[in-house]
Amino acid sequence: MIRGDNRGRGFVKTVDWALIAVYLLLVLIGWMNIYSASYSPETVWYDFAGRSGKQLVWIAGAIGLGALILFVIPPRLYETIAGPVYVVMLVLLVAVIFLGTEHKGSNSWFSFGPVSFQPAELSKISTSMMLAAFMGRYGYRMNSTRDLLVTLGILALPMLAILMENETGSMLVYIGFVFMLYREGLSGWIIALGALIVVVFIVTLTKSPFSAILLAMTAITLCNEIRCGRLKRWFAVYFPILILLIAYAVVWYKVCDVRPDCLFSQFKPIYILIPFLVALCLAYLIMGFRNISNFRLLSIGALVACVIMSFSVEFIFANVLQEHQRKRIEVLLGMTEDPSGVGYNVRQSMIAIGSGGFFGKGYLNGTQTTYGFVPEQSTDFIFCTIGEEWGFFGATLVILLYVFLIWRILRAAENSREGFTRIYGYCVACCFFMHLVINIGMTIGLMPVIGIPLPFLSYGGSSLWSFTIMLFIFIALVRNERRFF
């Protein structure tokens with residue numbers, strides 16, 4: 001019986017072979033499409049001067065790293081070294097700002113001859129490990145102000161450094177960690193507040209601060225009354241006020257079109273809105289202390305944050321974002337048309353994907369990709385190669401492989417008995433999910449072009465090795481648990 005148990009806990013039974021199989025399949029699909037994206041009749045797959053040949057070297061190195069993590073490095077070591085590794089990565093993230101090589105407007109690469117290294121990719125691993133080590137310790141509580149602030153600080157430091165590198169895409173991936181925080185007990189209302197601030201930014205940019213603040217006030221008051229079970233009060237009190245404010249804004253704009261210099265034009269709708277906001281905040285403050293309601297106090301903070309964001313949009317857009325980032329956002333939101341400039345990549349990518357039809361044009365038969373109409377078609381826009389040559393059917397299969405990968409990671413993390421393994425697993429799933437959504441959204445015109453690779457498919461050793469290390473650390477942690485449970 002004992003010998004049977006030992007065999008049951010051996011290598012074959014404890015490794016998640018499904019995860020490894022999906023990993024190898026995605027890597028193979030990636031290499032095939034990198035070869036196709038740079039294909040010409042004279043091209044040979046083993047040409048190590050070309051991208052497909054170089055990718056083979058990166059793949060061999062990645063598999064070697066995966067084997068090293070799985071067979072040699074003790075899994076318990078990761079929790080021990082999480083702190084030092086996190087500090088080292090922070091130092092590298094800051095150092096690359098001053099010592100790194102500029103590439104497409106961002107100082108995020110160290111270059112050593114023909115080899116380049118991007119610390120931002122590895123920082124996702126170190127941050128995941130640090131979060132898992134801190135949040136997985138005994139006595140951690142998400143509702144503790146101290147614990148929450150430290151957690152947010154662990155996330156904010158690398159995000160700030162990456163933002164200073166002008167590597168916006170990598171910084172946005174960190175936002176995905178909010179799903180892990182929600183799993184560990186972060187209030188869903190805080191996440192909703194973050195989403196509302198993003199909406200306020202977009203509405204202010206495309207419409208006006210008045211429209212954005214009015215939208216925020218509507219959403220926050222509606223959530224308050226729904227949470228209190230008093231929806232009828234919202235329709236009786238708040239709804240008429242909102243209608244009056246909207247009516248005033250409509251009349252004001254019409255009067256200004258006819259008589260822009262009249263006295264009435266000086267009373268802008270935003271000025272009329274401010275007293276209502278002040279009155280609403282005072283009412284929530286009184287109700288919050290009277291009923292000991294943290295939600296009312298959170299609502300005040302949400303209103304203030306939305307107002308600050310609304311009045312800061314112009315400054316952020318003009319002074320914080322770079323010119324190419326502003327243009328990409330303007331094209332994405334339909335504020336400007338630039339089919340031959342900033343919007344060229346997305347336009348050609350959408351043409352390539354659309355021309356693939358249901359089953360595609362066939363492997364190595366893509367015209368948009370083969371003739372180089374799509375820039376960066378083997379890196380950031382690798383998905384359009386799949387869409388053109390493999391069609392809707394092939395693109396859907398690739399997405400389903402990613403869905404299975406993420407689901408498998410989440411399931412293994414949820415079944416874990418160790419806090420470190422569970423939290424790290426959720427961090428890994430969040431990173432893969434954000435890369436998948438941003439990259440594919442970028443190629444089909446739903447997200448701004450921010451230069452972010454598709455895991456295991458895009459060309460490049462830095463991203464491939466980083467994703468491989470991230471995944472295989474989790475596989476090793478799960479295997480270590482299965483040996484004893």
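This is a predicted model: local features need pLDDT of at least 70, side-chain atom pairs count only at pLDDT 80 or more; totals for chains, interfaces and linings use all residues.

1. Surroundings of F456. When neighbours within four places in sequence are left aside, F456 is in contact with Y23, L26, V27, G30, L405, F432, L464, F467, T468 and L471. F456 also belongs to one aromatic cluster, together with Y23, F432, F467 and F472.

2. Largest pocket. About 2,000 Å³ of space lies in the largest pocket. Its lining comprises 46 residues, of which M171, L172, I175, G194 and V198 lie nearest the centre. The lining divides into 39 nonpolar, 6 polar and 1 charged. Helix α10 gives the most to this lining, with 9 residues. Helices that each supply at least two residues include α7 (145–164), α8 (168–173), α14 (294–320) and α19.

3. Largest cavity. A search of the whole structure finds 1 cavity of 30 Å³ or more, and the largest cavity has a volume of about 70 Å³. Its lining consists of P75, R76, E79, E418, F420, T421, L477, N480 and E481. These residues divide into 3 nonpolar, 2 polar and 4 charged. Helices α19 and α20 (461–482) each supply at least two residues of the lining, and α20 gives the most, with 3 residues.

4. Aromatic pair F179–F433. The count comes to 20 aromatic pairs. F179 and F433 form one that is edge-to-face, at 5.8 Å centre to centre with 90° between the planes. Because F179 lies in helix α9 and F433 in helix α19, the pair ties together parts that are 254 residues apart in sequence. F179 is partly exposed, with a relative accessible area of 43%, and F433 also counts as partly exposed, at 34% relative accessibility.

5. Aromatic pair F432–F467. The ring centres of F432 and F467 are 5.7 Å apart and the planes are at 40°, so the pair is tilted. F432 lies in helix α19 and F467 in helix α20; the pair therefore ties together parts that are 35 residues apart in sequence. Both F432 and F467 are buried.

Terms used
Residues are numbered from 1 along each chain as its sequence is written. Side-chain values use heavy atoms; hydrogens and water are left out. Contact means heavy atoms within 4.5 Å. On a 1 Å grid over the protein atoms alone, a cavity is a set of points where a 1.4 Å probe fits but cannot get out, and a pocket is an open set with protein on both sides within 12 Å along at least five of seven lines; lining residues have an atom within 4 Å of a point. Grid points are joined across faces, edges and corners, and a volume is the space filled by probe spheres set on the points. Helices (H or I, at least four residues) and strands (E, at least two) are DSSP runs, numbered from the N terminus. Ala, Val, Leu, Ile, Met, Phe, Trp, Tyr, Cys and Pro count as nonpolar, Asp, Glu, Lys and Arg as charged, and the others, Gly among them, as polar. Rings of Phe, Tyr and Trp (its six-membered ring) pair if their centres lie within 6.5 Å; planes under 30 degrees apart count as stacked, over 60 as edge-to-face and the rest as tilted. Buried means under 20% relative accessible area, exposed over 50%, partly exposed in between (1.4 Å probe, protein chains only).
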